[in-house]
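Here are some friendly notes to read beside the structure. Take the points in order and keep the 3D view open as you go.

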Amino acid sequence: MLGVGIVGALSACSSAPSAAPPEPTAAPSLTTSPTASSSSAARVDWAQLRRHVQGTLARPGDPTYDTVRRLQNPRYDDQRPLGVLSVATADDVATGVRFAQDHDLPVALRSGGHSYPGWSGGGRPRALVIDCRPLDDVRLDGTTATVGAGASLAHVYGEVGRRGRAIAGGSCPTVGFSGLTLGGGVGVLTRALGLTCDAVRSMRVVTADGTLRTASDDKEPDLFWALRGGGGGHLGVVTSFDVETSVAPTLSTIYLAWPFSAAREVIEAWQQWAPGADDRLWSTLKALGGESHRGEPTLLLSGTWTGPASAFEGRLAGLLDHVPAPTSRVPHTRGYLDAMRAFAGSGAREAFAATSHVMYAPLDAAGIGDLLDRVHLAQDSGLKEAGISIDALGGRVRDLQPGDTAFVHREALATVQYTATFPPGSARDADAYVHGFRDAMLPHWGDHAYVNYADRTITDYRAAYFGDNADRLGRVRTTYDPEHFFTQPQGF
Ligand SMILES: Cc1cc2nc3c(=O)[nH]c(=O)nc-3n(C[C@H](O)[C@H](O)[C@H](O)COP(=O)(O)OP(=O)(O)OC[C@H]3O[C@@H](n4cnc5c(N)ncnc54)[C@H](O)[C@@H]3O)c2cc1C
């Protein structure tokens, strides 16, 4: 979740047999030679790829190219991939993988297009983008949803929510289910239901050899382990997920605001309370400055409760009894789907910089002081909105052990985001702001980070994202992509 400006106001059915094709099936090579050629991109026979897929290929100069190549973050609008293959079927994915191998082309994998560092854009290096967005079918069979890799969160919530079911995920409507789930997936229902990846029962994935596999606890278990928290872009192209849904809960939400002068007390009390609160209560604490917060930075709590509405106030007492009275309090009780729509905001494109931490220990007085100093720095930065969001973990996240899936941060207290939105122009100041903030907090929070908020400047990223799971991820990579065909930065 990003800041207030980005997340808005604060902030299938059957798993039809055809959805799980017989496995493994390998796509045929499109060249006469089974070995990769050393052709340069300039000599690639793109017409050949077009002839072999049901989807569409957009190349520079084609009418749709400038639309389909764009990511969510406008700062990456200058990325010009070799082509964007908008796949219509899992076979198209396999064909695209094999074509890229035959022609020595790098690929970039794309679903929702929200990669923080823009790695799904295929611009650096110029790559063939395998764009899964058209694979957006969401179907419900009993309590299991089959979610196409290209589905956005809003589409997933809409399809399962209108049938009285829920999946825990993030709030931003345009975020792709794939990228979010492959890295873990945190959101307003995380403490009540677990991470998004925890509800996944199986996935279909095209691996580097062009084979469409099913990964589950029983089939390809190491691959299944790695794809639940290891992040997208490294091990294969997921084409669909089977996800266990929950009964859609009624959600009580609350937004609380305090004057910034109360920030020290509120942060101190919140960090002691939120990660250990009733599992049904999730909250995030935001301290945001910048042009959108003239006067003084904003201090805001957004809370979500899935228990009986009448009991919400009582649960909040664990925090409110220890802090000054909020100056603003906005409560709502809504059905799951209405609540998720309310969280969604506009989903409008806005340029931003971001990085992350994962918090394993509460801040002491010096840490809170450093945090407040950095929020104050946003005031004269020229940035639109910049600061920190701390999203509570705990609850059902702890039902699993750090080694049970690739998402290692089971015992952490919270995920932390540093974000800065900026007006059209250079990203330099925004990048400097978020990295300066993270650097200032390193002595307090160490070097842990969340792979879904990937940051190319984190040098020891294996340890930061994956901790003790990094070595096993490396072994899975060796098994499924020994030639390192998937070339995304920060590989394992
Ligand atoms: C506005 C905004 C709000 C966010 N809110 C949340 C939140 O609430 N909770 C949370 O946990 N995260 C959140 N995130 C982070 C988000 O989960 C990650 O950025 C995620 O990787 C985005 O997935 P995507 O499919 O939209 O992006 P993409 O850019 O398409 O993909 C992200 C990564 O996954 C790879 N990938 C894409 N599709 C596939 C595929 N089919 N198979 C294999 N790899 C693939 C890409 O190569 C890339 O590395 C947010 C991000 C933004 C920008």
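1. A word on classes comes first. Ala, Val, Leu, Ile, Met, Phe, Trp, Tyr, Cys and Pro count as nonpolar, Asp, Glu, Lys and Arg count as charged, and the others, Gly among them, count as polar. With that in hand, look at the lining of the largest cavity: 25 of its residues are nonpolar, 22 are polar and 3 are charged. Please keep in mind that this is a predicted model.

2. How big is the largest cavity, and what is lining it? Its volume is about 860 Å³, and 50 residues line it. To find its centre on your screen, look for His114, Ser115, Gly179, Leu180 and Asn452, which lie nearest to that centre.

3. Helix H1 (4–7) gives at least two residues to the lining of the largest cavity, and so do E4, H6 and E11. Of the contributors, H6 gives the most, with 4 residues.

4. What takes up the space of the largest cavity? The ligand does. Around the ligand you can find 35 residues, and the closest are Leu109, Ser111, Ser120, Val186 and Gln488.

5. Strand E4 (107–110), helix H6 (177–183) and strand E11 (237–244) each provide at least two of its residues. H6 has the largest share here, at 4 residues. Sorted by class, the shell holds 17 nonpolar residues, 17 polar residues and 1 charged residue.

6. A polar backbone atom of Ser111 is 2.6 Å from an oxygen atom of the ligand. Gln488 uses its side chain instead: a polar atom there lies 2.6 Å from a ligand oxygen. At Gly233, a backbone N or O atom lies 3.1 Å from a nitrogen atom of the ligand. How much of the ligand does the protein bury? Taken alone, the ligand exposes 950 Å², and the protein buries 97% of that.

7. There is another space to visit. The second largest cavity holds about 190 Å³. It is lined by 18 residues, with Ala108, Trp119, Arg124, Pro125 and Pro489 the closest to its centre. By class, this lining divides into 9 nonpolar, 7 polar and 2 charged residues.

8. Two of those names deserve a second look. Is the peptide bond from Arg124 to Pro125 cis or trans? It is cis, with omega near -5 degrees. You will find Pro125 in the loop between E4 and strand E5 (128–131).

9. To locate His484, go to the segment after helix H15 (470–480).

Definitions and conventions
Residues are numbered from 1 along each chain as its sequence is written. This is a predicted model: local features need pLDDT of at least 70, side-chain atom pairs count only at pLDDT 80 or more; totals for chains, interfaces and linings use all residues. Side-chain values use heavy atoms; hydrogens and water are left out. A residue is near a molecule or strand if one of its heavy atoms lies within 4 Å of it. A polar contact is a pair of N or O atoms within 3.5 Å; within protein, one must be able to donate a hydrogen and the other to accept it, and residues adjacent in sequence count only if both atoms are side-chain atoms. Accessible areas come from the Shrake-Rupley method with a 1.4 Å probe; for residues, only the protein chains shown count as cover. On a 1 Å grid over the protein atoms alone, a cavity is a set of points where a 1.4 Å probe fits but cannot get out, and a pocket is an open set with protein on both sides within 12 Å along at least five of seven lines; lining residues have an atom within 4 Å of a point. A molecule sits in a cavity or pocket if more than half of its atoms lie within 2 Å of its grid points. Grid points are joined across faces, edges and corners, and a volume is the space filled by probe spheres set on the points.
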